[in-house]
Amino acid sequence: MTTESGKIREQDVRGQHTGMQKPRIDGTLKLTGGADYAVDRNLPNQTYGYPVTSTIARGRLKSLELDEALAMPGVLDIFHHDNFDSLSRSPNSFAEQNLTSEPRLPFEDNEIAYHGQYIAFVVADTFNHARAAAMKVTANYERDDGAITDIKALDSGEGELPGEVQEGDASSRGDPDSTLEAASVKLDQRYSIAQECHAVMEMHASLANWEGDALTIYESSQGVVFQRNALSKIFAMPPEKVTVISHFIGSGFGSKLFMWPHAIMTAVASRRLGRPVKTMLPRSQEFTATGYRPTSLQRVRLGADDSGKLLSIHHDGCNESSPTGKHDDTVSGSTPKMYACDHVAVTNRLVTVNKCPPCPMRAPGEASGSFALETALDELAVQLDMDPLELRKKNFAETDPADGLPWSSNHLIECWDSAAKRFGWDKRQSTPGAMRDGDELIGYGMATQSWEAMRLSSSARVGFRADGSLLVACGTQDIGTGTYTIVAQTASELTGIPIEMIDVQLGDSSLPTGPLSGGSFATATVLPAVAAAVKEALGQLTELATAEGAPFAGVETDTIGLENGELVSGHRRLAVTELLAHNRLGLVDAEASAGPGDEQGQYSFRSFGAVFVEVRWDPEISRLRLARVVSTIDIGRAINPLTARNQVEGGIVMGLGMGLFEQAEFDHSGYPYNANLADYILPVNADIPEIDVELLDYPDYRLNEFGARGVGEIGLTGVAAAISNAVYNATGKRIRDMPISIEKMLTA
Amino acid sequence: MAPTPYSRPGVGYCTPAAQAEIAERPSAAGGASAGNTRNVTLSVNGEQHRLALEPNAILLDVLREELGLFGTKKGCDHGQCGACTVHVNGRSVNACLMLACMQEGAEITTIEGLARSAGYEQGQHPIQEAFLEHDAYQCGYCTAGQMMTAAAVLNDRAVAADAASVNDAMSGNICRCGAYKNIREAIETARQRMQGES
Amino acid sequence: MRQFELESVEKVDQAVASQRDQRRDAFVAGGTTLLDLVKLDVMTPERMVDVTHLPLKRIEKLDDGRLKVGALVTNNELAHHELVKRDYAVLSEALLAGASTGLRNLATTAGNVMQRTRCPYYRDPAMPCNRREPGSGCAALDGINRNHAVLGTSNRCIATHPSDMCVGMVAVGATIVVEGPQGSREIPFEDYHLLPGDTPEKEHDLKDGELITHVILDAPRAGGQHYLKLRDRASYEFALASCAAIVELDGDSVASARLALGGVATKPWRAEAAEKALIGQPATRENFERAAEVALADAVAYSHNGYKITLGKQAIVRALRDATARTTATAA
């Protein structure tokens, strides 16, 4: 493995643009207020929508009292079950790219499945008027007792987890049950993680406008094509009559992958009123109506021999789902691939709770699963009196242990070693509480990080313009990861046209179909499509250039390449602008697609990393702080190390939130207790530790010609476990329930 | 080349005809339909704007929906995130918790006017340049608020220059993308450059 | 956001004359509490009177050594004022531990005195809350009460008072000056906020038409001062437990002490019995711990906030230790 990649590395010639740190091409727009997020625009005759939500968690809506609200200043209409348009559900298919987050349509019936469910939608001439009227809508309910919002309360604490087994999630190899039985060292522990909210800074927002029978909707979306397709099914319109635009997104982390009902309400209201309707959800509704990382319960059983060799792994997961939309977080899904072990069984279960549907949240499944598995390994290391890093090395998987395929490229050992060295892991004292600095006890912890490297299909269009600029267009999005910039870098690399002359257009469903911005697959998916489109456009330029009487007439077409915006063959050069001028053309453009190929059955594609953390615990004031994080990540080639490193650092910060703070709370009646940014605790500037992120640079050319595997998720994985393990090292307290809040530390 | 040609300072993407129509239509943030409006002149980024506003119009909504200054963002509407931070008479404040009508006579600066307000007629404020270089953002949504607070903190002699003081002073601006490390570095770079100028 | 009228006044007597009924009329200055709660439909004024033009923006040293703080002095101005930093460090620290840069630039001294609880049930009109709607019940009693009080609670309300500044003011000692239809009167700071008892809706001792014009801080106290705020994250969060401590030493023993608590009580909490327990005792950890026990002796825990009893004691012990250390440092 190492040798192979080493060879690849020797052959690799770093590009002029790809692999280089580049400031974002959209940076100036973002830094001057010019970037147009979904509702950063006013349309003529525009109105404002504001949803009204259920204040019970379970029951039926008997009636609405609307008279007072309708009489309020500026109110145009109020939409609800009795007057809403008759629509069709989206087929809700990932393969057909029309998945929605909540298949149930708004106001479809009067059943109330969760606190915060939409029960009406007020439209008024101003935002203030819409909000004021929404406050005056009164609902009468028939309340059912027994709303479930806490799956931990359903867990007996031993044996099987609660919930319904998901057949598709279960996998098994070897004979894990009897192997565990016979193992000399055993561990059987339960872990849990509280519900987390994406808490995106830009609330979900839509601005809908109908022109005749065509709908344009500006949306904060991680998937304009998915939303376009879903809306076309819901409104029974041809897809080309729907345009979804999302030039800039105030982050998504998964909550904006698949459309939520506010967009449908907004579009219906706009059609009914014949006016544009702008809706930005209030912050409170972000906690009840736009998904979340579901609470998970996990049970991990490990069997090992005395040397630390893993003999068996059982990993059972259970996560919340919703009456109005199923979501399986597959928290144990990656475990079969993590370590060399012949006997492995994983399952996942779902429990339906009275909340809106969960949805993917950054590193879905793996962020939760890695917490349990990597904490369990730390516990096993304690049992074995072994260094936790050595334990992991001992069980390094030379090939993918789940399917036996060779890794496309795997540098996990270097990640472990490099991060350990920079962190100073050798100074760790294994006895809890042995390291102290003044009032504070110091703890070190580590975990392995991982995320599957996926590549999907994408199309892209490239156009050479007469003014020398290059258009690159793709119906994907830049959610803050830097997609605009890496597309420009790539196009510049391939054509020699300076980055400043490259016009990247994304975030528009009318552009060639591009992927969702999620799953860390956008980079690996989009760039090959850009390359294919460049190649296609080059073919057209070549044809023009070699036509009879043209400057390259007679030149063998396969000798012609592109450099510095010029066609090149041997010593002959021809500026593309000149060629276009010669042919009186304003634009030569081409669209092409690219997708995964045979390599998918030949290799296993996965990124790995290692994270080491230092925590500080001041026991006399119960203050726990994350002091230092060192991470080394192997993501293949980082097209732009500046933005890629930022992704990993951001993942670490989110891991800090998961480990110490974040917890959406619901009381016994199903009331969302902390549905705001003051009570749902996110990390702030003063919480941020020293962070040292290293990106290894081993291009993975087996996944795509750019060697890039994507970077959005991996930084988050393992962080909560590393924190929990460090807390144990500092205090001897083993907290298996995230987040590690003050009261847990006090009672542990 | 910037990726989107759609956005212009002011009204965002719409045609000149549409812009003219917007100028004619009733107020959007304060609303005129109730007839309960008053004439207010707001000074924003050095320009005087005469507006008819309802008493309950919030400064953030007026900046965005009336004046088309969309650089200032709404992240919570309750003083819990800092995305709406603007300068009023040079101090950083949360525009979501201010009545627009009370700001008559005040000098309001938004991200669109930050550079000019600080005397950088050409180009950008050092904090903007430093944010670009350090990649001190990801999605960019909290970024205007981060920079408005940072610019004010850098000018505030009451806030010590040590890391702990600056980090605490910046803690009212939440960045869910977690670009804090780069934000810190950008602020430090901007401080050095601004000191070099003075 | 509901409609209201907005008027502006230039003089204190105009302001006083302008207000008829506290429930329907509101003074607005910084607006950080008021506008937040009006947006939520928790406060429902029909008229607001803009008092930001009143001449109440000065901080002045009085001849008797006290410090007179105008109602409109912002939290940041007060925290960074030279005399406050020098003579009332615990108040400066408390102010800076609260909220954020932007909010402190808006929030005023009087406004902070008038700050409302952060109980999520109070902040949502759909939920029962005796403080917001007398007689509707208290959802926090059997709901989630992790952030709620353990001192000064009643079976009608267990919401904490959220202010840091007020805790600092209780420690340094202060007087609230109000101007009303009957003229001016002074209220000892500690008497201003009311325990919830049977009437949690009555939060303070302010009559209709009365306007806070000043807060006068007692003459500076001798000794070391420290404000310690414990919370989940490191900044921009309300206290789970906080302690403002002023300790004056006579040799190794405590000559005088002031202790005030935040985050654990229904009002800014003076721990007077704990102060008394310290006086004349050696400034040792054991005695600090004893004082902490005294301070929390009457604490009542609810289902999720029992940890606050421990945390409150910890805040006291550490704040006393660090305040004492500053005394020594000053002496040396």
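# Chatting through a three-chain model

Analyst: Let's start inside chain B of this predicted model: the C-alpha centres of its domain 1 and domain 2 lie 22 Å apart.

User: Okay! Where do those two domains of chain B run?

Analyst: The domain assignment puts domain 1 of chain B at residues 28–116 and domain 2 of chain B at residues 117–197.

User: And how many residues does each domain put into the contact?

Analyst: Domain 1 of chain B brings 20 residues, and domain 2 of chain B brings 20 residues. On the domain 1 side, β3 (85–88), β4 (91–94) and α3 (114–117) of chain B each supply at least two residues.

User: What kinds of residues are on that domain 1 side?

Analyst: Sorted by class, the side of domain 1 of chain B that touches domain 2 of chain B has 7 nonpolar, 10 polar and 3 charged residues.

User: Zooming out a bit, how many helices and strands does chain B have?

Analyst: Chain B has 7 helices and 5 strands.

User: What share of chain B is buried?

Analyst: In chain B, 60% of the 198 residues count as buried. Looking at contacts in chain B between residues at least 6 apart in sequence, 59% of them join residues at least 24 apart.

User: Now the neighbours. How many residues of chain B and chain A are in the contact?

Analyst: That contact takes 70 residues from chain B and 69 from chain A.

User: Which elements of chain B give two or more residues to it?

Analyst: On the side of chain B that touches chain A, they are α1 (16–24), α2 (59–66), α4 (126–134), α5 (143–154), α6 (163–169) and α7 (180–197) of chain B. By class, this side of chain B has 34 nonpolar, 22 polar and 14 charged residues.

User: How about chain C and chain A, how many residues are in contact there?

Analyst: There, 25 residues of chain C are in contact with 29 residues of chain A. Helix α13 (residues 307–331) of chain C gives the most to the chain C side, with 7 residues. The side of chain C that touches chain A splits into 13 nonpolar, 5 polar and 7 charged residues.

User: What's the secondary structure of chain C?

Analyst: Chain C comes to 13 helices and 12 strands. Its radius of gyration is 19 Å, close to the 20 Å that the globule rule gives for 332 residues, so chain C is as compact as a globular protein of that length.

User: Nice. What does chain C span along its principal axes?

Analyst: The C-alpha trace of chain C spans about 60 × 50 × 35 Å. Buried residues make up 60% of the 332 residues in chain C. Among contacts in chain C between residues at least 6 apart in sequence, 66% join residues at least 24 apart.

User: Changing topic: what pLDDT does chain A average?

Analyst: Chain A averages 96, and 98% of the residues score at least 70. Residues 1–13 of chain A stay under 50, though, and the model has 9 contacts beyond four places in sequence for them. Where pLDDT is low, the predicted coordinates should not be read in detail.

User: Last one: what does UniProt say about residues 32–145 of chain A?

Analyst: An unreviewed UniProt entry annotates residues 32–145 of chain A as "domain: Aldehyde oxidase/xanthine dehydrogenase a/b hammerhead". In the model, the end C-alpha atoms of residues 32–145 of chain A lie 51 Å apart, and the span is 12% helix and 31% strand.

Methods: Residues are numbered from 1 along each chain as its sequence is written. Chains are lettered from A and ligands numbered from 1 in the order in which they are written. This is a predicted model: local features need pLDDT of at least 70, side-chain atom pairs count only at pLDDT 80 or more; totals for chains, interfaces and linings use all residues. Domain bounds come from an automatic or database domain assignment. Two residues are in contact if their C-beta atoms, placed from the backbone, lie within 7 Å. Helices (H or I, at least four residues) and strands (E, at least two) are DSSP runs, numbered from the N terminus. Ala, Val, Leu, Ile, Met, Phe, Trp, Tyr, Cys and Pro count as nonpolar, Asp, Glu, Lys and Arg as charged, and the others, Gly among them, as polar. pLDDT is the predictor's confidence in each residue, from 0 to 100. The radius of gyration is taken over C-alpha atoms; the globule rule is 2.2 Å times the number of residues to the power 0.38. A residue is buried if 20 or more other C-beta atoms lie within 10 Å of its own, exposed if 12 or fewer, and partly exposed in between; C-beta atoms are placed from the backbone. UniProt positions are given in the numbering used here, feature names are shortened, and annotations may be inferred rather than shown by experiment.
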